[in-house]
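Have a look at the sequence and the 3D picture first.

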Amino acid sequence: MSDLRDLYQQVIMDHKKNPRNFREITDANHMAHGNNPLCGDALVVYAKLKDGVIEDVSFQGSGCAISVASASLMTEILKGKTMEEAEKLYDNVHKALTGEAGGGELSGKLEVLAGVKEFPARVKCATLSWHTVHAAMDSDHDISVTTE
């Protein structure tokens, strides 16, 4: 189990040091600002949707390793997904990390976030980007989300 935990920490740190899709999408048609004042995480999520498919998704901002890694992983996973697929992923991640009844297991690349539920104070760090992208896709204008 210790080896698995070490691997997860390495993946988290890799995404913190080299975040994927860390850029502004200048022609994004959906955008939201996310803020976690307790940890100091602040990010902007950009999404370009076309015909119900996420053509591109990215983020910019700063935060703790868990927050940045979660946003980086999220952008990798969501690119090319339909809105329906993205909504299912959002629900699954939220339930898995908060321990909500009916929560699914995290699989694939997202599995590295599973250990966060053991640290309740860090759950908001891991879910910030997911709440922010969810808000962005539900709105056709810039919107703000906070995890307070």
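## A glycine in a loop

Let's start with Gly40. Is Gly40 buried or exposed, or something in between? Gly40 counts as partly exposed, because its relative accessibility is 47%, and the band for that label runs between 20% and 50%. Keep in mind that you're looking at a predicted model.

Gly40 sits in the loop between β1 (30–36) and β2.

## Into strand β2

Now step into strand β2, which covers residues 41–50 and holds Ala42. With a relative accessibility of 34%, Ala42 is partly exposed.

What does Ala42 touch, if you skip residues up to four places away in sequence? Its contacts are Gly34, Asn35, Gln60, Gly61 and Ser62. Val68 is 26 residues from Ala42 along the chain, and the C-alpha atoms of these two are separated by 9.6 Å.

## Opposite charges pairing up

Why would charged side chains pair at all? Side chains of opposite charge can do so when their charged atoms come close. How many salt bridges are there here? The count comes to eight.

One of them joins Lys48 and Glu55, with 4.0 Å between the closest N and O atoms. Lys48 is partly exposed at 25% relative accessibility, and Glu55 gets that label too, at 39%.

Another one brings together the side chains of Asp56 and Lys79, at 3.3 Å from N to O. This pair links distant parts of the chain: Asp56 belongs to strand β3 (residues 53–62), while Lys79 is in the loop between α2 (65–78) and α3, 23 residues apart. Asp56 counts as buried because its relative accessibility is 16%, under the 20% cut-off. Lys79, at 33%, is partly exposed.

## Along helix α3

The closest N and O atoms of Glu84 and Lys88 are 3.7 Å apart. Are these two buried or exposed? Glu84 is exposed, with a relative accessible area of 57%, and Lys88 is exposed as well, at 55%.

Glu87 is also found in helix α3, which spans residues 83–98. At 33% relative accessibility, Glu87 counts as partly exposed. Glu87 gathers with Asp91, Glu100 and Asp138 in a patch of negative charge on the surface.

## A linked group of charges

Salt bridges can also be joined up here: Asp14, Arg20, Glu76 and Lys109 are linked in a network of them.

## Back to the start of the chain

Finally, go to helix α1, made of residues 2–17, where you'll find Arg5. Arg5 is partly exposed, with a relative accessible area of 47%.

How far apart are the C-alpha atoms of Arg5 and Val112? They are separated by 8.5 Å, even though Arg5 and Val112 are 107 residues apart along the chain.

Conventions: Residues are numbered from 1 along each chain as its sequence is written. This is a predicted model: local features need pLDDT of at least 70, side-chain atom pairs count only at pLDDT 80 or more; totals for chains, interfaces and linings use all residues. Side-chain values use heavy atoms; hydrogens and water are left out. Patches are made of residues with over 30% relative accessible area and no salt bridge: like charges are joined within 9 Å, nonpolar side chains (Val, Leu, Ile, Met, Phe, Trp, Tyr) within 5 Å. Accessible areas come from the Shrake-Rupley method with a 1.4 Å probe; for residues, only the protein chains shown count as cover. Lys and Arg count as positive and Asp and Glu as negative; His and the chain ends are not counted. The place of a charge is taken as NZ of Lys, CZ of Arg, CG of Asp or CD of Glu. Helices (H or I, at least four residues) and strands (E, at least two) are DSSP runs, numbered from the N terminus. Buried means under 20% relative accessible area, exposed over 50%, partly exposed in between (1.4 Å probe, protein chains only). Contact means heavy atoms within 4.5 Å.
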